[in-house]
Amino acid sequence: MAVSLFVGVSAGALMRSRWAMLFSPAVSVAVFEATRMGVDGPTVDSVQTSPYGLLAFIVGRGFHALLGLTPMILGAALGAALMRSGQHSPGRHAALWRGIRRTAAVAVGLALLALAAVIARPASTAPLVGPDGQPLAGSIAELSSVRSGDKDLGLMLRGASTRNPVLLFLAGGPGGSEFGAMRNHLPALEEIFVVATLDQRGTGTSYPDLDPTSTLSLEGYIEDTLTVTNYLRDRFGQERIYLMGQSGGTIHGVIAVQRAPELYRAFIGVGQMVSPLETDRIFYEDTLDWAKKTNSQELARQLEDIGPPPYGRMLDYETALSHEYAVYPYDHTGNSEGEGGFSENFLVPEYTFTDQVHLLGAFMDTFAVLYPQLQDTDFRKTAVSLDIPVFFVQGAHEARGRVEPFREWVSVLAAPGVEVVEFGKSGHRPLFEEPGKFVAYMRDTVLAGTA
């Protein structure tokens, strides 16, 4: 913002004209777009008119325009005015317009100062406190990062005692970030575990590490999981830790357990994924059937035009998969988290304002790169046995596209222990929809059965 203001002032002063207010941002936009030519991804592609496409435009271009172009325009006006001082035209109307322009410049300047203050707010996480309101002795509450390869991955660590078992949580997606959901819905989990919530590469606080996307891969996610696991084992002096995944996070979670079972006490799969391709095909069939039954002719036409998955473009998945709550409705009343899912959990201090803006853009950009790499995944063929106990937490209202492959996989899965529990009021995110029941299950079943 400061650099853009300086560029604007310089342009206005050199041109000695308010035309600099148009010229300098136009040049800046041209340079900005030129530097991104040849880069693929929803937030850098050409503008699409779908809801996801418009959202990608806002977070990929609109936010940068707000931070870069607004100060530049203000600076150009100030620079031109500075060089033209003393050349005012006489007359009452000219004086009125000068007053209006000055008032507008002051208002924009104050708004930019307020925005700068919001952006400058650092991320933080509150300490765990005892009955006296003081930080709990032996507890941990920190935002840190772990080096994996040449990337720094954001990590939130919280627990009432560093002697408690460590639980590493992998969010869904690919592209999801759950610092907000873990803080909003599962503080009670911190009483029995040291909860390590990882922002995987390209997500949340790890969004800056998305590039180069050519190096972003499922194999990289698996290696990152093992790297963070070993970091936690060394830091907290525990030979084995617990690994938990939700939705897309269960995919590389299961593969990490296959690769290095000696690192883990147990795996907890929530909203378990088994075969993304099979899931998406069922979603497509059910959505097309629903569109025809409800006379949603335009949606039915779009679905028939694009055909069933898999797709080459991320935005094609929007048509086939973004109607889940209409196709599979259920009552969210009384749930801790509603129909908005992870989008309800952005406003927590663990994210900076910039993190919050980028959360949905991070989801789309990461999804676009990684999801095509998951199309060959099918645990019914590749993971019929695991060497540690596994616990699955499912929602009674989970979508058919996830339920059917999961049931087929569990029926053939061999492990030292396999347990499935179903939460009656939940769908795909039972740990956040019914957190009280989930914490009790983790304490009374998972910990009690593996300690």
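Helices (H or I, at least four residues) and strands (E, at least two) are DSSP runs, numbered from the N terminus. The legends below concern a predicted model, in which local features need pLDDT of at least 70 and side-chain atom pairs count only at pLDDT 80 or more, while totals for chains, interfaces and linings use all residues. Residues are numbered from 1 along each chain as its sequence is written, and side-chain values use heavy atoms, with hydrogens and water left out.

**Figure 1. The whole protein.** The secondary structure comprises 16 helices and 8 strands. The C-alpha trace spans about 90 × 60 × 40 Å along its principal axes. Of the 451 residues, 51% are buried; buried means under 20% relative accessible area, exposed over 50%, and partly exposed in between (1.4 Å probe, protein chains only). Contact means heavy atoms within 4.5 Å. Among contacts between residues at least 6 apart in sequence, 75% join residues at least 24 apart.

**Figure 2. Helix 1 and its buried side.** Helix 1 covers residues 2-15, and its 14 residues should span 20 Å at 1.5 Å a residue; the end C-alpha atoms are 20 Å apart, which agrees. The expected span is 1.5 Å times one less than the number of residues. Buried residues of helix 1 are S4, G8, A11 and G12. These residues lie on the same side of helix 1 because they cover an arc of only 95° around the axis, where the arc is that of the directions from the helix axis to the C-beta atoms. The face turned away from the buried side carries the exposed residues A2, V3, F6 and L14. The cover over the buried residues includes helix 2 (20-35) and helix 3 (51-83). After helix 1 comes R16, with a positive phi near 55°.

**Figure 3. The nonpolar cores.** A nonpolar core is a set of buried Ala, Val, Leu, Ile, Met, Phe, Trp, Tyr and Cys residues joined through side-chain atoms within 4.5 Å. The largest one has 90 residues, and L189, L232 and I268 have the most contacts inside it. Not counting residues up to four places away in sequence, I268 touches several residues, including L167, Y242, F391 and M442. A second, separate core of 6 residues includes Y207, L216, Y221 and A362.

**Figure 4. The largest pocket.** On a 1 Å grid over the protein atoms alone, a cavity is a set of points where a 1.4 Å probe fits but cannot get out, and a pocket is an open set with protein on both sides within 12 Å along at least five of seven lines; lining residues have an atom within 4 Å of a point. Grid points are joined across faces, edges and corners, and a volume is the space filled by probe spheres set on the points. The largest pocket has a volume of about 990 Å³. Of its 40 lining residues, Y52, E324, F342, F363 and R402 are the closest to its centre.

**Figure 5. The largest cavity.** The count comes to 3 cavities of 30 Å³ or more, and the largest cavity has a volume of about 80 Å³. Its lining has 13 residues, of which P174, Y221, G248, H252 and L370 lie nearest the centre.

**Figure 6. Two buried loop residues.** S275 lies in the loop between strand 6 (264-270) and helix 8 and is buried, with a relative accessible area of 4%. N335, in the loop between helix 11 and helix 12, counts as buried at 12% relative accessibility.
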